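Hello,

Here is the structure I promised to hand over. Please open it first, then read my notes beside it.

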Amino acid sequence: MGAGAVTCLMIAVIALNAFAAAAGLALFAVAIWVAVDGYKLYPISGVSGKDDIFAAAWIAIFTGFAFFLTCLFGIFAALKRSRTLMMVYLIVMFIIFLFECASAITAATNRDYLVGNSNLVKKQMLQYYADSSTQGKQITQTWNRVMEQVECCGTDGPTDWLNFDSTFKTNLGQTSVWPLNCCKNVYNTKDREDCIAGRSSAMFTEGCFKYIESVLSRYTWAVSWYGFSVLMLVFFTLVISMVYYMQLD
């Protein structure tokens with residue numbers, strides 16, 4: 001291949017690595033957003049032992065920043081036209097590529113486990129809500145906040161608290177058939193009594209699962225599908241970089 005063609009390949013490698021570096025930095029930022037858990041739903045995921053979405057986010061934090069640094073090194077290696085430096089770049093990029101593959105796959109499969117249907121989330125709610133254990137307190141706080149902020153009640157609806165046995169029914173069922181956070185205005189005595197009596201005008205009648213599903217799906221899209229798009233860009237970059245490497249003397 002002529003010197004002009006090699007120069008064109010070098011420019012392509014530099015340009016692709018510049019794009020990949022920016023994409024890696026964006027992945028790093030997105031993964032931090034997921035790991036921080038701005039919606040505070042980690043307890044619902046963590047209590048099942050299936051918190052792989054958040055584990056995948058931590059992997060993506062590493063891989064995103066590693067892609068950024070390695071792409072900068074790749075630009076330097078391409079400019080130097082050094083086979084040794086390009087070989088180091090290719091090996092490191094491939095290793096990071098494998099880690100990011102694991103992150104994307106982990107997040108996608110864990111999302112399907114948690115939000116494939118509402119039964120798992122409902123089972124955890126019934127088991128841990130109003131429980132005195134550490135996990136129970138975390139789940140109770142999470143559900144109270146979700147029901148109040150989203151204006152929903154239970155997983156699929158208020159009947160979850162009626163139709164199934166639960167820790168709440170065992171511990172607090174003598175005072176109310178569902179948590180007071182299901183009530184629209186718990187501070188008004190009349191509204192609270194109407195809510196406890198089951199009058200729909202005084203309580204939230206929609207379930208919370210759609211909200212939980214949407215949040216976990218956002219997390220998954222951020223880590224898995226954006227990660228997958230970065231992988232496609234990195235794969236193409238690696239292919240062009242390997243072609244460039246083979247043309248170097």
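Predicted model: local features only at pLDDT ≥ 70, side-chain atom pairs only at ≥ 80, totals over all residues.

**What follows helix α5**

A130 sits in the loop between α5 and α6. A positive phi near 75° is found here in a residue other than glycine.

R81 is another such case. Its phi is near 55°, again positive in a residue other than glycine. Look for R81 in the loop between α3 and α4 (83–115). R81 has 36% relative accessibility, so it counts as partly exposed.

Now bring in α6. Two packed helices are described by the angle between their axes and the distance between the axes. Helix α5 covers residues 119–128, and helix α6 covers residues 134–150. They pack at an angle of about 115°, and their axes are 9 Å apart. The crossing of α5 past α6 is left-handed.

Which residues meet there? From α5 come V121, M125 and Y128. From α6 come Q135, G136, I139, T140 and W143. Sorted by class, the contact of α5 with α6 has five nonpolar residues, three polar ones and no charged ones.

**Salt bridges**

Side chains of opposite charge can pair when their charged atoms come close. How many salt bridges does the structure hold? There are four. I describe some of them here.

Start with D156 and K122. Their side chains meet in a salt bridge, 2.8 Å from N to O. D156 lies in the loop between α6 and α7 (159–163), while K122 is in helix α5, so the pair ties together parts that are 34 residues apart in sequence. D156 counts as partly exposed because its relative accessibility is 41%. K122 is at 10%, so it counts as buried. The cut-off for buried is under 20%.

K122 also meets D160. This salt bridge is 3.6 Å from N to O. D160 belongs to helix α7 and K122 to helix α5, so the pair ties together parts 38 residues apart in sequence. D160 has 3% relative accessibility and therefore counts as buried.

Next, look at K190 and D194. They form a salt bridge too, with the closest N and O atoms 2.8 Å apart. Why is the gap between them about one helical turn? Because K190 and D194 are four residues apart in helix α9. An α-helix has 3.6 residues a turn, so residues three or four places apart point the same way. D194 has 11% relative accessibility, so it counts as buried.

Salt bridges that share partners join K122, D156 and D160 into one network.

**W178 in its loop**

Find W178 in the loop between α8 (167–172) and α9 (189–196). Is W178 buried or exposed? It is buried, because its relative accessibility is 6%.

What does W178 touch, apart from neighbours within four places in sequence? Its contacts are P158, W161, L162, F168, C195, I196, G198 and M203. With C195 there is a polar detail as well. The backbone oxygen of C195 lies 3.0 Å from a polar atom of the W178 side chain.

D160 turns up here again.

**T63 in helix α3**

The last stop is T63, in helix α3 (residues 52–80). T63 has 0% relative accessibility, so it counts as buried. Not counting residues up to four places away in sequence, T63 touches L27, I96, F99 and E100.

Then follow the network of K122, D156 and D160. Go on to W178 and its contacts, including W161 and F168. Finish at T63 in helix α3.

Best wishes

Notes: Residues numbered from 1 in each chain as written. Heavy atoms only, no water. Axes fitted to C-alpha atoms, helices over the stretch in contact; angles between N-to-C directions. Helix = DSSP H or I, 4+ residues; strand = E, 2+ residues; numbered from the N terminus. Left-handed = near helix turned anticlockwise from the far one by under 90°. Contact = heavy atoms within 4.5 Å. Nonpolar A, V, L, I, M, F, W, Y, C, P; charged D, E, K, R; others polar. Buried < 20%, exposed > 50% of the residue type's maximum accessible area, 1.4 Å probe, protein only. Polar contact = N/O pair within 3.5 Å; in protein donor to acceptor, adjacent residues only side chain to side chain.
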